[in-house]
Amino acid sequence: MSVPPPKHEYAYDVCLSFASEEREYVEQVAHALREAGLRFYYANDAQALLWGKELPEHLDDVYRRSALFCVMFVSAAYAAKVWTTHERRSAQARALADPEEYLLPVRFDDTELPGLRPTVGYVDARSTPPERLVALLKEKLRLRQPSPRRPEAVLAGVPSASWQRAPRPGETLWQVITGGLVQSSPRVCDGTVYFGSGDCHVWAVEAGTGVERWSVATGGAVWSAPAVADGSVYVGSQDRNVYALDAVTGRERWRITTGAAVWSSPAAVDGMVYVGSRDHHLYAIGAASGHEHWRFPTAGDVDSSPLVSAGTVYVGSDDRCLWALDARTGREHWRFRTGDVVRSSPAVHGRSVYVGSDDGFLHAVDAETGARRWRYRTGGRVRSSPAVAGGIVYVGSHDGNLYALDAATGEERWWKRVGEWLQASPAVVDGTVLLGSDDQGLWALDAVTGEVRWRCETESVVLTRPAVFGRIACVGGQDGIVRAVRV
């Protein structure tokens, strides 16, 4: 879908600032921007324009005055080079004077740039395909419509007119508008929906209406999905902290600081909170006290969300491994090595653990020994977290398909194409598979046949797993909106 450019005086919708080491990725971004019909500045397309120019003056004009947004591709090479430093300084001068967001960081690594605070929300190129990045840019531009001076969003429940009659399956009942992207999967407990947002807040809203109960600011974007247990909400933030908040009031009970951003979603089990960090560790924290009981080192970022079953913690890591650890001591039981990073979160059913990998496979592993049971090859990375119901494993792939596989054998039951680079995780309720997609929809498929029962148009990419309560499902969108949909 092509996005009409905002009505403003800028020559470009976006300018791209990058080091040559990242040219392969940025070239794909530029191609997708071209396909989307957006106006952008890309130095490789501007050789004739740059010929004979006084480059310092020209580039200062491009990166300080000529675009609505500047996408800055951050890496060690970007920080070290003279011309990218010049572009960065010009872009930061504009950002300082602009009341709206201007700098949109895309990170290839965790390099710190002078003047770019670590609390600024960013997109991770290590986990974001170029086409998805462009989809996010289109959403960002749409959020600026109809004016580039869009006021700060305010959380508000918006009931649908469908309350005047019996709502149909797939119909939106209410929606909540936040000030940032919502990639944090909602959690529902005791009539309250909890979720995080890219606006650096954790939110609690009434499940039946979407009316705000409380919101708490953190120091960074909240992509982690909250865990709710024993009257507390546990959630990670890009500010490196894990928070425990009172579920009723939002009052902070404790926080613990890790060594890097926390993307992983906590698991709260038996008085302990288990959560991964991009400092390469899995943490075990006392739920009541916030005291660290143990931490386990891996050789990569731990974005995968841990799962606890029968005294064992299962979690994936960017070191390509699925780990099984003793929940009480953190001692390693076993590790299972895949062919690429593991950012999918595991699911356990019977004696099997199921997890996806960037190697394109869904892996089934013996829960006690770590031995492979079977694996199924998809056509893309598997960052979707599997769901198991009725002897079937459901999982999405970056090839755009949702797969239904026999849990015991891995035999394919059916598959359904629902997007281009599917990353969201499915939920299975009463014989229906619910799944958000990059095609701007929430799908409901028959769990046995894969036939479409209904589809809700969300008008935004959906990356969150649906939270289902009663006859309602909640999902978050890249447009910053959480929607409640009749199921």
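The buried residues of helix 5 are covered by elements that include strand 1, helix 3 (55-65), strand 3, helix 4 (76-80) and strand 4. Buried denotes under 20% relative accessible area, with exposed over 50% and partly exposed in between (1.4 Å probe, protein chains only); helices (H or I, at least four residues) and strands (E, at least two) are DSSP runs, numbered from the N terminus. The model is a predicted one, in which local features need pLDDT of at least 70 and side-chain atom pairs count only at pLDDT 80 or more, while totals for chains, interfaces and linings use all residues. Residues are numbered from 1 along each chain as its sequence is written, and side-chain values use heavy atoms, with hydrogens and water left out.

Helix 5 (residues 82-97) comprises 16 residues and spans 23 Å from its first C-alpha to its last. This is close to the expected 22 Å, taken as 1.5 Å times one less than the number of residues. Its buried positions are Thr-84, Thr-85, Glu-87, Arg-88, Ser-90, Ala-91, Gln-92 and Arg-94. In helix 3, His-58, Leu-59, Asp-60, Val-62 and Tyr-63 are buried, and the buried residues of this helix pack against strand 1, strand 2 (40-41), helix 2 (47-50), strand 3 and helix 5.

The largest nonpolar core holds 28 residues, of which Val-14, Leu-16, Leu-33, Val-71 and Phe-73 touch the most other members. Such a core is a set of buried Ala, Val, Leu, Ile, Met, Phe, Trp, Tyr and Cys residues joined through side-chain atoms within 4.5 Å. At least two residues each come from strand 1 (12-17), helix 1 (23-36), strand 3 (67-74), strand 4 (103-107) and helix 6 (130-143). Helix 1 gives the largest share, seven residues. Apart from this core lies another, of 20 residues, including Tyr-12, Ala-46, Ala-67 and Leu-113.

Strands 12-13-14-15, in that order, form an open sheet with antiparallel pairing, where pairing requires at least two DSSP bridges between two strands. Strand 13 (residues 232-236) and strand 14 (residues 241-246) are joined by five bridges, and Gly-236 stands opposite Val-242 in strand 14.

The predictor's confidence in each residue, pLDDT (0 to 100), averages 90 over the chain, and 94% of the residues score at least 70. Over residues 1-8 pLDDT stays under 50. Where pLDDT is low, the predicted coordinates should not be read in detail.

Conventions:
Contact means heavy atoms within 4.5 Å.
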